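Colleague: I am new to this structure, and I would like to go through a few of the terms with you. Could you show it to me before we begin?

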Amino acid sequence: MAPDDGRARPAPRRRFVLGRTTRLDLFLALAGLAVSALEWWVALTAGGDVHDVVLAAASTGLSGCLLLRNARPVAVGVVTTGLLAALAMNQALADRVLSTSVLLLAAPLVLISATRGARSGAVGAVALAVGVVGSAVSPVVQVSEAPLWTYTAHVALLVAVWLWAWWRRQDAAARRREVAANVALARAQERNRLSAELHDVLGHSLTVIHAQANAELARRPGPGEQAAALESIRDIAKASLRDVRLLVGALRDAVDTLPVRLVALDDIVRTARAAGLVVTAHLPDRATLQQWDDELSPALALTLARCLQEGLTNMLRHGRPGGAASVALSRDVEGIRMTMSNTTGSQADRGAGVGLVGLRERARAHGGEVRAVHDGDRFVLDVRLPVA
């Protein structure tokens, strides 16, 4: 027995016979078989002739068609056409008016199934055309005192049910497209989350490794095993950063779900300082950050953390060595504002700008904005997020 994981499971959909046969189909088929049984009794025990036998046999076949009309719409449509043709010919050859079987209603019912269930929409149109032509020799039309009006009623009924079935087909197709679009969107959002976390977390860590290796090489110049190891670490980190950018470019987009608390902002700054970045941080004290954590949503806290992480990573990567860098975080009635600035360095290794694009998308998801501007030789990153 499978273990019970406590999750609610949807009730299985009840089906009959061939997967798509419903309770309504079963009811109609049983009712048709009851009518057929009465016709067989008349044909075999009440002085019936060959025409009554044909009527009973066709009615039995039409009952089976009603049972399978949703399971095999095209095949059932062909068989139904043949049986209705047999009934029409049977009436034409009889020297009396035969009993009109209520199972002639199989024609519009099967038309609905063929129009809604066939792979091609053309099947329903062909079935309608066959029904319109065949109605001219319907047993009901043959024995009617007003055949033109009876034929017109036949055609009107067939056209009405065909239009309804076509509308249901189009509606079902639209729903399938909507579901497919939602699935595609969910997959894209999942790729977005993976892409953002890959860039923000792994890219930041590799940048720190690369910067620390460079700093250590600057303190220990000259040949030696330690210098060779540091050069290897630096080169591997640089190559890995390039690979991360390629992966992010393949997955691109953003949003996220990993939980981050604002009290971790100090740790992010300390990591950047350990990598060699000289940065002045004006952050609220730990008690204030803990209070903000209780008041703000986890998604907003994550966005702030990622903005700080991306800003410090850019300072390490693009800032002028020894240049002044600063970070400030504040909150007022309009929301939260984070401002980061540093002295810019060389333009040679600017990267693809994926990080800033991701930050802008994160901020827009909360109704905020991210501005990145150059002010002389300084680069300023201004993040504003409203707080509901």
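Modeller: A surface patch is built here from residues with over 30% relative accessible area and no salt bridge, and nonpolar side chains are joined within 5 Å. Please keep in mind that this is a predicted model.

Colleague: What makes Leu38, Trp41 and Val42 a nonpolar patch on the surface?

Modeller: Leu, Trp and Val are among the side chains that the definition takes as nonpolar, and Leu38, Trp41 and Val42 form such a patch, with about 310 Å² of accessible area together.

Colleague: Why is Leu38 called exposed?

Modeller: The word exposed is kept for relative accessible area over 50%, and because Leu38 has 54% relative accessibility, it counts as exposed. Leu38 lies in helix H1, which covers residues 23-45.

Colleague: Which residues of helix H10 are buried, and how do you know that they line one face of the helix?

Modeller: In helix H10, residues 286-295, the buried ones are Leu289, Trp292 and Asp293. Looking down the axis of H10, the buried residues fall within an arc of 105°, and therefore they line one face of the helix. On the other side of H10, Ala287 and Asp294 are exposed.

Colleague: What do the buried residues of H10 pack against?

Modeller: They pack against helices H9 (265-274) and H11 (298-318), and also against strands E2 (325-332) and E3 (335-343). At the start of H10, moreover, a side-chain oxygen of Asp285 comes to within 3.3 Å of the backbone nitrogen of Ala287.

Note on methods
Residues numbered from 1 in each chain as written. Predicted model: local features only at pLDDT ≥ 70, side-chain atom pairs only at ≥ 80, totals over all residues. Heavy atoms only, no water. Patch = residues over 30% accessible without salt bridge, like charges linked within 9 Å, V, L, I, M, F, W, Y side chains within 5 Å. Areas by Shrake-Rupley, 256 points an atom, 1.4 Å probe, with all protein chains shown as cover. Salt bridge = Lys/Arg side-chain N within 4 Å of Asp/Glu carboxyl O. Helix = DSSP H or I, 4+ residues; strand = E, 2+ residues; numbered from the N terminus. Buried < 20%, exposed > 50% of the residue type's maximum accessible area, 1.4 Å probe, protein only. Arc of directions from axis to C-beta. Contact = heavy atoms within 4.5 Å. Polar contact = N/O pair within 3.5 Å; in protein donor to acceptor, adjacent residues only side chain to side chain.
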